[in-house]
Amino acid sequence: MTEEISDEERKAALVPLYEGPKHDPMSDKNLALASKGAKAFADSEMNGDCKAEKLNDGLLCDASSGDVMSRTRWHSALTPQPHWAEIRLPKVQKIAKVVVSFADPGGYATAYELQVKKGDRYETLRKDDQNGNNSVLTFTFDPLETDAVRFIFKKNAAPQYPNAAQLGEIEIYGEN
Ligand SMILES: [Ca+2]
């Protein structure tokens, strides 16, 4: 006799890739969403489905949602580090929080920089060369005005893929 496993059972048995702090990229307060007019850019994209636009589609990489991982993350080309991903807001806005979700707990950034654009230049807001957080980075800061946030992925934790960079989502919030 063949036992059938329903999709629901299959999903329930999946182990989530990671448990990060609770956050909801689909929130109406997330200024980075494409649906709010923000646009995503990256230094490069891997062939296939892992485009920059996946940085602000509101979808996180989560195994419990099935096989969507490759469809909800940005992945760089395999050219040398560093790689970067950027969200451009439709206009200069006051922001106070950025949330960066890694796409793969084995392939997170052990070294990174978070920058905001001030006029024509980028200003480094946070920097870590020994990051050990493989899930969700939450950055809060005094409110500032900018129209672009850039995450520079400098070093991949996965030794077998030194040139790869990937992110699930970048969220940007105002003061509240
Ligand atoms: Ca996404």
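Modeller: Let's take strand β7, where seven of the eight residues are buried, so β7 is largely enclosed by the rest of the structure. Buried means that 20 or more other C-beta atoms lie within 10 Å of a residue's own; exposed means 12 or fewer, partly exposed is in between, and C-beta atoms are placed from the backbone. Strands are DSSP runs of E with at least two residues, numbered from the N terminus.

Please keep in mind that this is a predicted model: local features need pLDDT of at least 70, side-chain atom pairs count only at pLDDT 80 or more, and totals for chains, interfaces and linings use all residues. Residues are numbered from 1 along each chain as its sequence is written.

Now for the neighbours of β7. Strands pair if DSSP finds at least two bridges between them. β3 pairs with β7 in the antiparallel sense over six bridges, and F102 stands opposite L167 of β7. Strand β2 (residues 74-75) also runs antiparallel to β7, joined by two bridges; here H75 has Q166 as its bridge partner.

L167 leads us to the largest nonpolar core, a group of 36 residues in which L167, I170 and I172 are among those with the most contacts. Such a core is a set of buried Ala, Val, Leu, Ile, Met, Phe, Trp, Tyr and Cys residues joined through C-beta atoms within 7 Å. β7 (166-173) is one of the elements giving two or more residues to this core, while β3 gives the largest share, eight residues.

Note on methods:
Helices (H or I, at least four residues) and strands (E, at least two) are DSSP runs, numbered from the N terminus.
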